[in-house]
Amino acid sequence: QVQLVESGGGLVQPGGSLRLSCAASGSIFRIHIMGWYRQAPGKQRELVADTTSGSTTNYADSVKGRFTITRDNAKNTVYLQMNSLKPEDTAVYYCNVRVTTSSLVNLEVWGQGALVTVSS
């Protein structure tokens, strides 16, 4: 089994910053893609950013230039640094990881979600 533990959500004023973290643990052979999705009330879940094992990154147009995704392969952890936050960034943010387990099974695993609220 593979588990994800997210941290770092909260309330921030417009223009502020937050950093989300997601640590993967369990029977992991290799982690391929690590990413962040978000779901605002009444909307579908959408990709925010992801990064490959080779550190290639991909961002939604709405967050380019404001958010930065990084990963620490030694710690099996992915981060999302969010700057210049806007009210429309308010959502539950979910970590998503695609792994090959020690049993050589490919899994897609979701974190529990972290609420980010941008409001004055």
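In what sense do S1 and S3 pair, and over how many bridges? In this predicted model, S1 and S3 run antiparallel to each other and are joined over six bridges, and within that pairing Ser7 stands opposite Ser21 of S3.

Ile28 lies in strand S4, which covers residues 28–39, and Ile28 counts as buried because its relative accessibility is 19%, where buried means under 20%. The C-alpha atoms of Ile28 and Val105 are 9.6 Å apart in space, although the two residues are 77 residues apart in sequence.

The largest nonpolar core of the model holds 32 residues, and Leu20, Trp36, Val48, Phe67, Leu80, Met82 and Tyr93 are those with the most contacts inside it. Each strand in the table below, together with S4, supplies at least two residues of this core, and S9 gives the most, with five residues.

| Strand | Residues |
|---|---|
| strand S1 | residues 2–7 |
| strand S3 | residues 18–26 |
| strand S5 | residues 46–51 |
| strand S7 | residues 67–72 |
| strand S8 | residues 77–82 |
| strand S9 | residues 91–101 |
| strand S11 | residues 114–118 |

Definitions and conventions
Residues numbered from 1 in each chain as written. Predicted model: local features only at pLDDT ≥ 70, side-chain atom pairs only at ≥ 80, totals over all residues. Heavy atoms only, no water. Helix = DSSP H or I, 4+ residues; strand = E, 2+ residues; numbered from the N terminus. Buried < 20%, exposed > 50% of the residue type's maximum accessible area, 1.4 Å probe, protein only. Core = buried A, V, L, I, M, F, W, Y, C linked by side-chain atoms within 4.5 Å. Pairing = 2+ DSSP bridges.
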